Amino acid sequence: KDAALILHLGGGDLGTFGGWGLLGQNFNGFQYLLSGGYSNWDGEPTAGAGPDGEEIYHAGFDTEFFPQDPTKLNLSGKYTALQAPLPYQGGVDEKHQGFDLRGGFDSKLSNFTGLSLQLRDQAAQLTDWNQGLGQVTANEFQGKAHLFFDEVDPFIKTIAVDAGVQWGDASGLPSPGVAHYRQEWIEPSLRLKITEAGSLMLKLHAQEGAGGLSLPLRFYPSADLLWNILESAQLELSYTNSRDVESFYQTYMETDHLSDSTGFSLPEEQVNEVGLKWTQKISDQSIFSIFGSEGQVKNYHQWTDLLSFGVPDYIQGESTIGLVELYKAGANFQFDFDRNLALSAKYQCQKGVNQSDGRDFTSLPAHQVWVGLLETENQWDAQLAFNWVSERQAFETLPGTLSSYGEMVFSGDYHLDRGLSLWGSAENPLGVTYQSQPGYDEPRFYVQAGLELIF
């Protein structure tokens, strides 16, 4: 079977409808995937002049040459367009559109050696609100190379080198937004087999750059220790340092009610984060783990509403806090009732301490719970999931909170034969009203159905 067709259609409350499709085929030495989708949501009522809502188009392709050969070439692209009315600004339209192009190759030089090169170009155009409509265009390019040597000797399991370059240019930014930067890095790494029970991964990331962002030459060491204990437990220790520049395209292309007022984001640095995870096999049917971490973040990024004379515009801009201490802890649990039915659960708590000023953290829930039940049979499978998020602060400098909420999702597949399957899902079927952004309710329910055909 060398071809596949997938079609999904759905709808929900208040003019919510859409569809998504994929067509793919495999030839001798070449394969391709074509995809496209459309969604519309008329929006929930707001305290502004009318409902919000959004309309999204996307189309893309993915190709691979010589998929069975030691050297593979790939080329892919995606176009996305989003349009959303802004009810608090008189119903004017916010628009996002952009292209994401990728290409590269992976080559297996020998049984234990490989080389890959990936190139990516992202172009985005944003018509947004910041005391009036404005238009921003941005282009970002990234190149990455990865070289590795496996099974060097019984002690050295892997030696690898990663290197890359990235730069961005933008126009139409409000002053004093950062309109240009460049960044280069190299990262050697080493994975060691300490004993039969333990392994150690060591990395050293060297990075520098120039332009409007401050990117002096710095070195960022990281380490991960994995140790198996008595065949029923595993201990993981991690130590992490890093510095990253967020992609303008990834930040602004697929989310509405956002305004760019800063240009390219200041580099966010993870400093001396220490993590611990303990995993315990309780029985043949159950596994339990606990984890925790603590570290500092320089230039911590978050979203908060722009203000006009102290009143929210209900348009979010990116804000940066100079130094934050971030704590996380949680637990995972999995129980297999039998080979067909499994229960999974996760809990996480987190706390941020602002060490720079008195601003609050926005959209940082103190507690999150996820529970899922999955059943898999010969002809069908079904999953029921529940996600609960605690109360969050709505604004940086103003009083107000976003209420806690619990959301349910149901999805399932039914396989009529080896080449034809029916699929369906229901998101938020209980119609829970909640907000992820201040001033905007999320859709109350959404139902999808579709088919998957392989021929």
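Predicted model: local features only at pLDDT ≥ 70, side-chain atom pairs only at ≥ 80, totals over all residues.
Let me start inside. The largest nonpolar core has 17 residues, and those with the most contacts within it are Tyr-181, Leu-213, Phe-248 and Phe-264. Strand 7 (113–129), strand 8 (133–150) and helix 1 (248–252) each give two or more residues to this core. Helix 1 gives the most, with 3 residues. If you click on Phe-248 and ignore its neighbours within four places in sequence, you will find it in contact with Ala-124, Leu-126, Val-136, Ala-138, Glu-140, Asp-260, Gly-263 and Phe-264. There is also a second, separate core of 6 residues, which includes Val-297, Tyr-300, Ile-321 and Leu-364.

Now for the rings. A search of the whole structure turns up 17 aromatic pairs. One of them is Tyr-181 with Phe-264, an edge-to-face pair at 5.1 Å centre to centre, with 70° between the planes. Tyr-181 sits in strand 10 (residues 180–193) and Phe-264 in the loop between strand 14 (258–259) and strand 15, so this pair ties together parts that are 83 residues apart in sequence. Tyr-181 and Phe-264 are both buried. What about Phe-248 and Phe-264? Their ring centres are 6.0 Å apart and their planes are at 70°, so this pair is edge-to-face. It links distant parts of the chain, with Phe-248 in helix 1 and Phe-264 in the loop between strand 14 and strand 15, 16 residues apart. Phe-248 is buried, as is Phe-264. Put together, Tyr-181, Phe-248, Tyr-252, Phe-264 and Trp-303 form one aromatic cluster.

While we are around strand 15 (residues 268–281), have a look at Thr-279, which lies in that strand. Is Thr-279 buried or exposed? Its relative accessible area is 18%, and buried means under 20%, so Thr-279 is buried. Leaving aside neighbours within four places in sequence, Thr-279 is in contact with Ser-232, Ala-233, Gln-234, Glu-236, Ile-287, Phe-288 and Ser-289.

On to charges. The count comes to 10 salt bridges. Arg-444 forms one with Glu-44, the closest N and O atoms being 3.4 Å apart. Arg-444 is in the loop between strand 26 (440–441) and strand 27 (446–454), while Glu-44 is in the loop between strand 3 (30–41) and strand 4, so to speak 400 residues apart. Arg-444 counts as partly exposed at 33% relative accessibility, whereas Glu-44 counts as buried at 4%.

Glu-151 and Lys-157 also meet in a salt bridge, at 2.7 Å from N to O. Here Glu-151 is partly exposed, at 43%, and Lys-157 is buried, at 14%. A further bridge joins Glu-396 to Arg-359, with the closest N and O atoms 3.4 Å apart. Glu-396 counts as buried at 8% relative accessibility. Finally, salt bridges that share partners join Asp-100, Arg-102 and Arg-120 into one network.

Last stop, the surface. A nonpolar patch of about 870 Å² is made by residues including Leu-23, Phe-61, Phe-66, Leu-75, Phe-99 and Phe-455. The elements giving two or more residues to the patch are strand 4 (54–65), strand 5 (71–86) and strand 6 (92–110). Leu-75, for example, is in strand 5 and counts as partly exposed, at 42% relative accessibility.

Technical notes. Residues numbered from 1 in each chain as written. Heavy atoms only, no water. Patch = residues over 30% accessible without salt bridge, like charges linked within 9 Å, V, L, I, M, F, W, Y side chains within 5 Å. Areas by Shrake-Rupley, 256 points an atom, 1.4 Å probe, with all protein chains shown as cover. Salt bridge = Lys/Arg side-chain N within 4 Å of Asp/Glu carboxyl O. Helix = DSSP H or I, 4+ residues; strand = E, 2+ residues; numbered from the N terminus. Buried < 20%, exposed > 50% of the residue type's maximum accessible area, 1.4 Å probe, protein only. Core = buried A, V, L, I, M, F, W, Y, C linked by side-chain atoms within 4.5 Å. Contact = heavy atoms within 4.5 Å. Phe/Tyr/Trp six-rings, centres within 6.5 Å; stacked < 30°, edge-to-face > 60°.
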